[in-house]
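Here is a short report on one protein model. Keep the sequence and the 3D view open while you read.

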Amino acid sequence: MLEKDMYDSWKRRMELYMLNRQHGRMIFESVENGPLLWPIVEENGVTRTKKYLELSVTEAIQADCDVKATNIILQGLLPEVYALVSTHKVMKELWESIQMLMQGTSLTKQEGECKLYDEFDKFAYRNGESLRDFFLSFSLLLNDMNIYNMKLDQFQVNTKFLNTLPPEWSKFVTNVKLVRDLHTTNVDQLHAYLGQHEYHA
């Protein structure tokens, strides 16, 4: 289900789900470009839209994909979001409305980013915390930042992780800095390396 601060992650999952369905590319194009423009036919001097049974095979598949796209998106929404957007008949409009509702304005997004940068700057080891708990808290913060597509330099992330550990870890932190390239090593690897020494810290 779609949570307000999880829009980007939800959007990626929806896109992957659509693309993985039969005629997935057509389903996704319905979202991106709008639905099939139903062909017009002239009959006895009167112009009308073709009926479904009169569509070509490709047009019929696209019409079906339009319906599938709408259903896929609507099924992934919280009831309160569904109630706000379910009146949209055109998939492209529905997709854009959800984006606006869930991402909020750019100002709201900016506020969220500022809050996360602040949390990153102030992130600290809590007294008595195990290395694993410290690592999990740090990883959750990084995941939240990834949801907002906030880019941090790997060196910056690793340095923050290591320098935030308490003094009893200092000799192991120094050792890590000597044997690991902090530009390419990730936090998972640092945690695994330090975990080998947890009982000696």
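## Model and numbering

This is a predicted model, in which local features need pLDDT of at least 70, side-chain atom pairs count only at pLDDT 80 or more, and totals for chains, interfaces and linings use all residues. Residues are numbered from 1 along each chain as its sequence is written, and side-chain values use heavy atoms, with hydrogens and water left out.

Helices (H or I, at least four residues) and strands (E, at least two) are DSSP runs, numbered from the N terminus. Buried means under 20% relative accessible area, exposed means over 50%, and partly exposed lies in between (1.4 Å probe, protein chains only). Contact, or touching, means heavy atoms within 4.5 Å.

Strand β1 covers residues 40–43 and strand β2 covers residues 46–49. The two run antiparallel and are joined by 4 bridges. Strands count as paired if DSSP finds at least two bridges between them. I40 stands opposite T49 in β2. E42 has T47 of β2 as its bridge partner.

β1 and β2 form a hairpin, with 2 residues between them. N44 is in that turn. Its phi is positive, about 55°, although N44 is not a glycine. Most residues other than glycine have a negative phi. N44 is exposed, with a relative accessible area of 77%.

## Helices α1 and α2

Helix α1 spans residues 7–19 and helix α2 spans residues 24–33. They pack at an angle of about 140°, with their axes 7 Å apart. Axes are lines fitted to C-alpha atoms, for helices over the stretch in contact, and angles run from 0 to 180 degrees between N-to-C directions. α1 and α2 are therefore oblique to each other. The classes are as follows: under 35 degrees is roughly parallel, over 145 roughly antiparallel, 65 to 115 roughly perpendicular, and the rest oblique. On the α1 side, E15, M18 and L19 make the contact. On the α2 side, G24, R25, I27, F28 and V31 do.

H23 is in the loop between α1 and α2. H23 is not a glycine, yet has a positive phi of about 60°. At 31% relative accessibility, H23 is partly exposed. S30 belongs to helix α2. S30 is buried, at 0% relative accessibility. Not counting residues up to four places away in sequence, S30 touches P35, Q62, D66, A69, M91 and K92.

## Aromatic pairs and their cluster

Rings of Phe, Tyr and Trp (its six-membered ring) pair if their centres lie within 6.5 Å; planes under 30 degrees apart count as stacked, over 60 as edge-to-face and the rest as tilted. By this rule there are 9 aromatic pairs. One of them is F135 with F161, which is edge-to-face, at 6.4 Å centre to centre and 85° between the planes. F135 lies in helix α7 (residues 131–147) and F161 in helix α8 (residues 154–163), so the pair ties together parts that are 26 residues apart in sequence. F135 is buried, at 11% relative accessibility. F161 is also buried, at 0%.

Ring pairs link F120, F123, Y125, F134, F135, F138 and F161 into a cluster.

## F120 and its neighbours

F120 is in helix α6, residues 106–122. F120 is buried, with a relative accessible area of 3%. Not counting residues up to four places away in sequence, F120 touches F138, L141, L142, M145, L152, Q156, V157 and K160. The C-alpha atoms of F120 and L141 are 7.3 Å apart, across 21 residues of sequence.

K160 lies over the face of F120, at 6.0 Å from the ring centre. A charge sits over a ring if NZ of Lys or CZ of Arg is within 6 Å of the ring centre and within 35 degrees of the ring normal.

Where is E96 found? E96 is in helix α5, residues 91–103. E96 is partly exposed, with a relative accessible area of 40%. E96 and Q156 are 60 residues apart along the chain, and 35 Å separates their C-alpha atoms.
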